[in-house]
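Please examine the sequence and the three-dimensional structure shown below. The report that follows describes selected elements and their contacts.

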Amino acid sequence: MEKFGKILVVDDNEDILFSLRLLLRQHVEKVTTESDPGNIPVLLKKEEFDVILLDMNFTKDAISGQEGFFWLQKILEIDPSAVVLFITAYGDVEKSVRAIKEGATDFILKPWQNEKLLATINSALNLCKSKRELAQLRIRQQAINRVMNKSFADFVGKSPEMQDVYDSISKVAGTDASVLILGENGTGKELVARALHANSLRKDETFISVDLGAISETLFESELFGHVKGSFTDAKVDRPGRFEIASGGTLFLDEIGNLSLPLQAKLLTVLERREVLRVGSNKPKPIDVRLICATNMNLPQMIAEGKFRQDLLYRINTVEVDLPPLREREGDIPLLANHFFAVYARKYKKAVRGITKDAMQRLEEYKWPGNVRELQHVVERAVIMSEDEWINADDLQLRTVSQSSEGLDLENYNLDEVEKTVILKVMKMHHGNISKAASELGLTRTSLYRRLEKYGL
């Protein structure tokens, strides 16, 4: 057994204390013994122990074990994460089982076998180490959450349309209601999801974001529900899915409109039962997540066309938050442009003073098909490439697809047909280059591939 850990032994039998001190100091970092349980509070305040060995029966109460239960309770009041092992006689096994239910980790029988005792203590030390690592991870996660989820700090905009969004977030955040965020690509749907989490009762727990458009059908169950070792060729270890990882916190499913009907059915089953079944397992695992979904697609129209389940929509949209496109946010473009300018001038250490009036006017006149994300990229690129003190209109590389969009040859205004037409136009513009076309459309490569497959292009 590796020599680590600090152990406190509390027993009114001096022979027991001597024996344990003699045995354990060969294997652990430090052994402290105490014959009077009344000194436990003082000892715990002075030093942090990894494992506490506690006698169940002391001189005042040699049979019932009540004194042991009393001190177990006191120890856990002082340190709820304490690892306590009861020392007990054979006749006290029933009481020991009760003690475990009340918070003890395990028990050691008198007279003990040294090898078994050392194995029990070693397990207890490892448990203590795991508890502390978990506590540190939780503290770190909370710190990360505080940095990433700063209420509305990441939102820039004072337009009436955005004030409506802030108002909706404030009203629904404190509940566990499922939220569906609607909006075009690049409008900031994940920012809304994070703001909902940051202002919820789950804010100190995990926020997990999943781009459903980037997960293939074959990996969907494994990624979201997890798998067990050996369930398929590459399943070399047990692995929890995103639902399990997010349990206790918030799960954000982006691009939910891209799910096929079979996958929608599997997701609905999990939401209804509030439990997941890992791939290759028949043992369900309970989950407790606050679900937030997002899409840029018209789900009611998809339902009418038989492409989306109505019962799933009922599950995910207790409340809807509709994000306005940037072109409809009057007055927000200068605020956003100056915000991104400050961020990237500082990041790239550029001695650029600001954006000229002409450049700002051009930004305001542009239609922003890629919304805030496109504006962010345009400003970042301008800051990087600028060689003058000011960013001029000529420094702004604005794509032309939005300016010629009125010239699209549309036979009808069915959204699927419009999307198909735009994708065809952009693919031709970039001679079939998937990366450039995806960037032009404000999509990931995977999302574009899915749409190409959807429309048979």
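Which residues in α17 meet which residues in α18? Ile434, Ser435, Ala437, Ala438 and Leu441 in α17 meet Arg445, Leu448, Tyr449 and Leu452 in α18.

## Basis of the description

This is a predicted model, in which local features need pLDDT of at least 70 and side-chain atom pairs count only at pLDDT 80 or more, while totals for chains, interfaces and linings use all residues. Residues are numbered from 1 along each chain as its sequence is written, and side-chain values use heavy atoms, with hydrogens and water left out.

Helices (H or I, at least four residues) and strands (E, at least two) are DSSP runs, numbered from the N terminus. Contact means heavy atoms within 4.5 Å. Axes are lines fitted to C-alpha atoms, for helices over the stretch in contact, and angles run from 0 to 180 degrees between N-to-C directions.

The axes of α17 and helix α18 (residues 445-454) come within 9 Å and cross at roughly 95 degrees. That makes α17 roughly perpendicular to α18, given that angles under 35 degrees count as roughly parallel, over 145 as roughly antiparallel, 65 to 115 as roughly perpendicular and the rest as oblique. The residues of this contact divide into seven nonpolar, one polar and one charged. In this division, Ala, Val, Leu, Ile, Met, Phe, Trp, Tyr, Cys and Pro count as nonpolar, Asp, Glu, Lys and Arg as charged, and the others, Gly among them, as polar.

Helix α17 (residues 434-441) also meets helix α16 (residues 415-429): their axes come within 9 Å and cross at roughly 130 degrees. This angle makes α16 oblique to α17. The crossing of α16 with α17 is right-handed; a crossing is left-handed if the near helix is turned anticlockwise from the far one by less than a right angle, and right-handed if clockwise. From α16, the contact involves Val422, Ile423, Val426, Met427 and Met429, and from α17 it involves Ile434, Ala437, Glu440 and Leu441. By class, the contact of α16 with α17 has eight nonpolar, no polar and one charged residues.

## Helices α13 and α15

Helix α13 (residues 332-347) packs against helix α15 (residues 371-385) at an angle of about 45 degrees, with the axes 9 Å apart. The two helices are therefore oblique to each other, and the crossing of α13 and α15 is right-handed. Among the residues of α13 in this contact are Leu336, Phe340, Phe341 and Tyr344, and those of α15 include Val372, Leu375, Val379 and Val383. The contact of α13 with α15 has eleven nonpolar, one polar and two charged residues.

Strand β3 (residues 51-55) and strand β4 (residues 84-89) run parallel and are joined by four bridges. Leu54 has Phe86 in β4 as its bridge partner.

Strand β6 (residues 179-182) pairs with strand β13 (residues 290-295) in the parallel sense over four bridges, and the bridge partner of Leu180 in β13 is Cys293.

## Backbone details

Most residues other than glycine have a negative phi, and most peptide bonds are trans. The peptide bond from Lys110 to Pro111 is cis, with omega near -15 degrees, and Pro111 is placed in the loop between β5 and α5. Arg274, a residue other than glycine, has a positive phi near 55 degrees; Arg274 is found in the loop between α10 (261-273) and β11 (275-276).

Notes:
Two strands pair if DSSP finds at least two bridges between them.
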